[in-house]
Amino acid sequence: MSEPTDPLAEVVTLLQPAARYTKYVQGSGAWRVQRSRPELAFYCAVLDGSCRLEPAAGPAILLEAGDFVLAPALHGFALTSLHTNDATLLDESNPPPLLPDGRYHLGTSEGPAEVQLVAGHCVFESPDSVLLVSLLPDLVVVRAHTRLATLVQLVGDESRAQRPAREVVLARLLEVLLIEALRSSNDPTVATSPGLLRGLADVRLAQAIRALHAQPAQDWNVPRLARVAALSRSSFFERFRREVGLTPMDYLLAWRMALAKRLLLRANGSIAEVALQVGYSSASTFSVAFSRHVGLPPSQFVQQQRRRQPEAAQIAQAAQAA
């Protein structure tokens, strides 16, 4: 008997998260850090004290010891002290000073630290990262979760070490961190964002999503998926689009193409074999669909991605050295 399919774990794994940095930060007095790079997923655990998260849209969120924040692709937000009068504005071009013990300091240097954080960035190296991130909430806040803080510290420890298999360990830790954060979220703002979490939270839709992930090569259509969900065709279609943010067939196409990209880049068989694994009867029909969706035929896509690998490695090394 096969193991049940976990769509959330599949999406996170396919995202290929890679660490760019994890920093230990302390703050005192008035300070404000502006974040403006949505291509970098941001995560932060409050170890002690409190601070405030200010999204570009929406009310400020008070963060206290034990809280964890994950922003897979939030377009503009600030992390601030509770008192922000005369706060020094810090961003990517004006980073905080580094202390002798390896921590970064925010605000004034006088007096004890009022807040201690572990914060970091990661990138998603999947060629389908834009699509996959769109299935996740923009912002996740998990309250009083010591396990997540421990995971963040492990990511930080591993990122600074130069041990064998470091990149493999970091990738696995980040996958666990992202899955744990997404499934542990108890913040009501998450429910307002259509995506995979909302789809899986709907018992009827979850049946269809899991079936689709378990058998992507199946000859799926809206009536068949609706029967799996035990809903009428029209109710299923509207409910799926409202909760997930895509129509059922658009989701199926996007998921098949994401799987096809992974199989092609891993050289798992010929184009005809890949086509069969993702639900196409022939290499020609698959190539037409792939070219329409990706903008390149399968063979040219593989060549393009392989040319980009050395450049991506150089960017990663420069980012980790920063």
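In strand 5, Phe-68 is the bridge partner of Ala-45. Strand 5 covers residues 68–71; strands here are DSSP runs of E with at least two residues, helices are runs of H or I with at least four, and both are numbered from the N terminus. The model is predicted, with local features needing pLDDT of at least 70 and side-chain atom pairs pLDDT 80 or more, while totals for chains, interfaces and linings use all residues. Residues are numbered from 1 along each chain as its sequence is written, and side-chain values use heavy atoms, without hydrogens and water.

Strand 5 runs antiparallel to strand 3 (residues 41–55), joined to it by four bridges, and antiparallel to strand 10 (residues 140–142), joined by three. Two strands count as paired if DSSP finds at least two bridges between them. Opposite Val-69 stands Val-141 of strand 10. Both faces of strand 5 are covered, with Phe-68 and Leu-70 buried on one side and Val-69 and Ala-71 on the other. Buried means under 20% relative accessible area, with a 1.4 Å probe and protein chains only.

Phe-68 turns up again in the largest nonpolar core, which has 72 residues; Phe-68 and Tyr-251 are among those touching the most other members. Such a core is a set of buried Ala, Val, Leu, Ile, Met, Phe, Trp, Tyr and Cys residues joined through side-chain atoms within 4.5 Å. Helix 9 (residues 248–265) gives the most to this core, nine residues. A second, separate core of 23 residues includes Val-141 and Phe-42. Across the protein chain, 47% of the 322 residues count as buried.

How values were computed:
Buried means under 20% relative accessible area, exposed over 50%, partly exposed in between (1.4 Å probe, protein chains only).
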